[in-house]
Amino acid sequence: MILILFMFCMMIGGYISSKFVGLKDVFSGTYIGKAVMAVSLAMIFFSHNLILSLISMSIFEISLSICSITESIWVNDYIEADNRASFYSAMSASLKLFGFIIILLAGHVVDRYGYIFGWKVCFVANFVSVLALMFFVKRYGKNKVEAR
């Protein structure tokens, strides 16, 4: 039942992110998704009952879907077509490697320090990713990323 709930939440996130496509700034959808994700992470580690935790996790899934879809949109806008396939191949390989390492580290952190500490680490990592996105926007602004 939880898997079905989260799949439904991802569907809602996909629908909401389609509404962000018309925004003037392509990064706005990602900012909004990451802000909602941070709020939902804070709700998760402050919630003390199952219903509130499921609601918080559902909001997290919706915002995660919004972030992943809107990031794909602006990456397609900022990476030129000649380099896009190479970029996606490199990103896919990196995501698989780091995904494996992060899962192992997350399991170790949760096993050693507990779930609440794990959610706090996720909150900090989300905040750092917002800062990295702000750096990218400030550095490249309206310019497209050229091959180097």
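Does cysteine 9 count as buried or exposed, and at what relative accessibility? At 4% relative accessibility, cysteine 9 counts as buried, where buried denotes under 20% relative accessible area, exposed over 50%, and partly exposed the range in between (1.4 Å probe, protein chains only). The structure is a predicted model, in which local features need pLDDT of at least 70 and side-chain atom pairs count only at pLDDT 80 or more, while totals for chains, interfaces and linings use all residues. Residues are numbered from 1 along each chain as its sequence is written, and side-chain values use heavy atoms, with hydrogens and water left out.

The mean pLDDT of the protein (the predictor's confidence in each residue, from 0 to 100) is 82, and 91% of the residues score at least 70. Confidence is highest in helix H1 (residues 2–20), at a mean of 88, and lowest in helix H5 (residues 115–140), at 82; helices are DSSP runs of H or I with at least four residues, numbered from the N terminus.

The structure contains zero disulfides, a disulfide being a pair of cysteine sulfur atoms within 2.5 Å.

Serine 63 is placed in helix H3 (residues 50–78) and is buried, with a relative accessible area of 1%. Residues up to four places away in sequence aside, serine 63 touches Gly33, Val36, Met37 and Ser40, contact meaning heavy atoms within 4.5 Å.

Methods. Helix = DSSP H or I, 4+ residues; strand = E, 2+ residues; numbered from the N terminus.
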